[in-house]
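Q: Please take a close look at one part of this structure, and then follow its packing into the rest of the chain.

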Amino acid sequence: MKILLIIPAYNEEENILNTIMSIEHFKKENSHNYPYIIDYVVINDGSTDRTQAILDENEINSVQLVMNLGIGGAVQTGYRYAEENDYDIAVQFDGDGQHDINSLDFVVQPIIKKETDFVIGSRFLPNEKADFQTTFMRRVGIKILSFLIYLSSGKKIYDVTSGYRACNKDIIAYFSKTYPTSYPEPESTVHLLKKKFSIKEVAVNMMERSGGQSSIRSFTSVKYMVEVSIAIIVSGFMREGD
């Protein structure tokens with residue numbers, strides 16, 4: 001069983017090395033009792049800071065994009081890498097240090113056991129309280145988008161913007177060919193539901209980023225909410241074969 005962590009990074013010079021070190025520590029600590037191969041690839045999304053220099057200096061496996069494609073393009077590059085190298089499971093894992101590598105088993109086990117095709121690591125499951133909670137206004141926005149996804153698909157997803165996600169080979173192949181660029185997490189979730197893939201949410205731990213700026217810091221703006229809401233609604237009208 002080969003697992004690939006897809007790590008998109010844009011101007012993450014303050015965080016990327018610590019993120020990789022946490023993964024390497026996890027691999028070392030679990031080398032004797034974790035029966036799966038864990039690899040990672042950093043997709044450097046046209047960073048203008050020292051991100052690529054840090055990756056090169058530390059010989060970290062990476063793909064450097066010649067221009068900034070945005071989170072959707074970076075993640076799709078990772079899925080193409082996963083398909084071309086025959087990985088069984090791909091896991092989206094942020095380069096900013098917010099995702100806890102110790103929660104990895106929670107997101108991959110339902111796929112390994114063939115309980116589902118796709119797993120979302122969630123902070124907002126009922127009766128589950130994550131240590132790190134985002135701002136009140138962002139939580140309100142997430143609830144609105146969750147409601148729109150429910151209207152579009154009939155499936156309740158609690159943490160619609162979570163980037164801590166894992167999938168099987170069928171979805172790796174699908175995402176390597178088509179992946180939303182503007183609002184990839186909520187849009188891609190609707191696409192999967194319309195394609196009849198099964199989705200499961202599991203509780204994971206997340207942490208506050210230690211440096212840099214979030215790529216969705218405009219989340220609470222009216223413009224962002226309108227645009228992502230429209231994207232979800234449009235995705236909801238797609239036919240199963242689209």
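Which residues in α8 are buried?

A: This is a predicted model, in which local features need pLDDT of at least 70 and side-chain atom pairs count only at pLDDT 80 or more, while totals for chains, interfaces and linings use all residues. Residues are numbered from 1 along each chain as its sequence is written, and side-chain values use heavy atoms, with hydrogens and water left out.

The buried residues in α8 are Tyr-224, Met-225, Val-228, Ser-229, Ala-231, Ile-232, Ser-235 and Gly-236. They lie on the same side of α8, because they cover an arc of only 160° around the axis; the arc is that of the directions from the helix axis to the C-beta atoms. Buried means under 20% relative accessible area, exposed over 50%, and partly exposed in between (1.4 Å probe, protein chains only). The face turned away from this buried side carries Val-222, Lys-223 and Val-234, which are exposed.

Helix α8 covers residues 222-236. Helices (H or I, at least four residues) and strands (E, at least two) are DSSP runs, numbered from the N terminus. At 1.5 Å a residue, the 15 residues of α8 should span 21 Å, and the end C-alpha atoms are 21 Å apart, which agrees. The expected span is 1.5 Å times one less than the number of residues.

The buried residues of α8 pack against α5 (136-153) and α7, where contact means heavy atoms within 4.5 Å. Phe-147 has its place in α5 and counts as partly exposed, at 46% relative accessibility.

A nonpolar core is a set of buried Ala, Val, Leu, Ile, Met, Phe, Trp, Tyr and Cys residues joined through side-chain atoms within 4.5 Å. This largest core has 38 residues, of which Tyr-79, Phe-118, Phe-175 and Leu-192 touch the most other members. A second, separate core of 30 residues includes Ile-3, Val-91, Leu-104 and Val-108. Leu-104 and Val-108 are among the buried residues of α4, a helix with seven of its nine residues buried.

Some of the core residues also take part in ring pairs. The structure holds nine aromatic pairs; rings of Phe, Tyr and Trp (its six-membered ring) pair if their centres lie within 6.5 Å, and planes under 30 degrees apart count as stacked, over 60 as edge-to-face and the rest as tilted. Tyr-79 and Tyr-179 form a tilted pair, because their ring centres are 5.8 Å apart and their planes stand at 45°. Tyr-79 is in helix α3 (residues 70-84) and Tyr-179 in the loop between α6 (169-177) and α7 (184-194), so this pair ties together parts 100 residues apart in sequence. Tyr-79 is buried at 0% relative accessible area, and Tyr-179 counts as buried at 6%.

The rings of Phe-118 and Phe-175, with centres 6.3 Å apart and planes at 85°, are edge-to-face. Phe-118 belongs to strand β5 (residues 118-122) and Phe-175 to α6, so the pair ties together parts 57 residues apart in sequence. Phe-118 has a relative accessible area of 0%, and Phe-175 is likewise buried, at 0%. Beyond its neighbours within four places in sequence, Phe-118 has contacts that include Ile-171, Phe-175, Leu-192 and Ile-199. Ring pairs link Tyr-79, Phe-118, Tyr-174, Phe-175, Tyr-179 and Phe-197 into a cluster.
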